[in-house]
Amino acid sequence: MNLVSDVNSNQRGDESSYSRKLIQRELGWTGVDVSLLGLGGVGIIQEGQDDDVCFEIINEAIDLGINFIDTSPGYKKSEWRVGQVMASRRAEVFLTTKVDRRDYDGIMAHVENSLKVLHTDQLDLLMVHHVSESDDVKAMGEPDGVFSTLSKLKEEGVTRFIGMTGHPQYPKVTEAVGMYDWDAFMCFINPSVYAEEALETQIPLARSKKMGLIGMKAFGGCWKARLIGEDPGQASAPDLLRYALTMPFDRPIDVVIPGVWNLRHLRENVAVAANFEPLAEDMCRALEKWIRGFEKSADWERGEVPED
């Protein structure tokens, strides 16, 4: 199919082509500029067996111009590993972590531990992790609810900004975006059918409320990057990343945070971002048509860890 070969015609970024500084975009209306490519705290940072390799990847990401690092206390050793690097490089990074709890005491315990583990006395962004159908969205605004508690921590200077994350298939994600004035929202950004609700409803709603947008699942998930490949319904990693960095057309996502499994992945992602040019709209639509035409499952849960 000629259309598919055209969409997949870009070669992988040359790992040596880092001469151009990473573009920075303002995170919503926060007044803070972040690199358009960030580093996700999953992948090897979460699952890797060798701490020193993980430290090397985090340090190299910063050296290559990435200033946005995302993690979570729920990501196994990820938060601790990021913290080991932050002990000497905190000033170079816009640092984000999350809370899984929804109650005041649980949130405070999470945050107290995260500050210690991350070697910082202030977070840049603290997010409610994985809003889903189990959440009582209205309760978030109660005095001891998660939105109220995070707002209090922001007022006290424990975090500069607050936000939420969520997978687009849950209606309560849209409800929570619309009900509260978060500073940032982490959402799906890829050409699959499962990202449509984010692209068509949640992202425009968040933008209308001046929220920063953080893109996840650019490759279809970190453990199982189901969208990367040469089979029908798959595309190259550079094209998927360029799509994520291009969308939406009226105002692209602020930062995309793919996880990586080795230094090669990191360097290839940085090369694409360092030489970034938006995909044309017709190419984005062709990529969406190609990916969505062959999707067989809505399973976005954890898959197999890649071998390389």
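Rings of Phe, Tyr and Trp, the last by its six-membered ring, are taken as a pair if their centres lie within 6.5 Å. The model in the viewer is predicted. By this rule, seven aromatic pairs are counted.

Begin by selecting F68 and F94. Their ring centres are 5.4 Å apart and their planes meet at 15 degrees; because planes under 30 degrees apart count as stacked, this pair is stacked.

F68 has a relative accessible area of 0% and is buried. F94 is also classed as buried, at 5% relative accessibility.

Ring pairs connect F68, F94 and F161 into a cluster.

Move on to Y180 and W182. Here the ring centres lie 5.9 Å apart and the planes are at 70 degrees; since an angle over 60 degrees counts as edge-to-face, the pair is edge-to-face. Y180 is buried at 8% relative accessibility, and W182 is buried with a relative accessible area of 2%.

Finally, select W29 together with R251. Which part of R251 sits over the ring of W29? The charged end of R251 does so, 4.5 Å from the centre of the ring.

Conventions
Residues are numbered from 1 along each chain as its sequence is written. This is a predicted model: local features need pLDDT of at least 70, side-chain atom pairs count only at pLDDT 80 or more; totals for chains, interfaces and linings use all residues. Side-chain values use heavy atoms; hydrogens and water are left out. Buried means under 20% relative accessible area, exposed over 50%, partly exposed in between (1.4 Å probe, protein chains only). A charge sits over a ring if NZ of Lys or CZ of Arg is within 6 Å of the ring centre and within 35 degrees of the ring normal.
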